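Trainee: Please take a close look at one part of this model and describe how its residues are placed relative to one another.

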Amino acid sequence: MHRAPEIDQVPIEFIDWHARSVLAAATAGRANGRAALNIAIRHLRAFIAVAEHGSANKASRVLLRAQSAVTRSIHELERDLEVALFERRAQGMLLTRFGQA
């Protein structure tokens, strides 16, 4: 069974931007800091797994999460970042140029 890449294999610009967003949300009182960090890690794990496996369905099997939960994590991450990270196709999901950055 394949494992998702470790967090240190994700581009630092992506992690840095998302971490600042999470910290801003936590300090604005919109989320508990620890809960926000757990959500951010879940989103990043989903992003890495989908990028590696090319589909939310395959990623869900690796992550041992429902496919809908993986898809929701990707949508929430894209909403937070205000960019499309994946191009959805019938054959699976491909990283956009923003997702590759």
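Mentor: Phe-86 is buried, with a relative accessibility of 3% (buried: under 20% relative accessible area; exposed: over 50%; partly exposed in between; 1.4 Å probe, protein chains only). The model is predicted, so local features need pLDDT of at least 70 and side-chain atom pairs count only at pLDDT 80 or more, whereas totals for chains, interfaces and linings use all residues. Residues are numbered from 1 along each chain as its sequence is written, and side-chain values use heavy atoms, leaving out hydrogens and water.

Phe-86 forms a tilted aromatic pair with Phe-47, the ring centres lying 5.6 Å apart and the planes at 55° (pairing of Phe, Tyr or Trp six-membered rings: centres within 6.5 Å; stacked under 30 degrees, edge-to-face over 60, tilted otherwise). The count of aromatic pairs by this rule is one. Phe-47 belongs to helix α2 (residues 33–53) and Phe-86 to strand β1 (residues 86–89), so the pair ties together parts that are 39 residues apart in sequence (DSSP runs numbered from the N terminus: helices H or I, at least four residues; strands E, at least two). Phe-47 is likewise buried, at 5% relative accessibility.

A glycine leads onward from Phe-47. Gly-99 touches Phe-47 and also Leu-85, leaving aside residues up to four places away in sequence (contact: heavy atoms within 4.5 Å). Gly-99 is part of helix α5 (residues 97–100) and has a relative accessible area of 6%, which means that Gly-99 is buried. The C-alpha atom of Gly-99 is 8.5 Å from that of Val-83, although these two residues are 16 places apart along the chain.

Ser-73 lies in helix α4 (residues 67–81) and is buried, its relative accessible area being 3%. Residues up to four places away in sequence aside, Ser-73 touches Arg-42, His-43, Ala-46 and Arg-65. With His-43, the side chain of Ser-73 also makes a polar contact, side chain to side chain, at 3.4 Å (N or O atoms within 3.5 Å; within protein, one able to donate a hydrogen and the other to accept it, with sequence neighbours counted only if both atoms are side-chain atoms).

Helix α4 also meets helix α3. Gln-67, Val-70 and Thr-71 are the residues of α4 at this meeting, facing Ala-56, Asn-57, Ala-59, Ser-60 and Leu-63 of α3.
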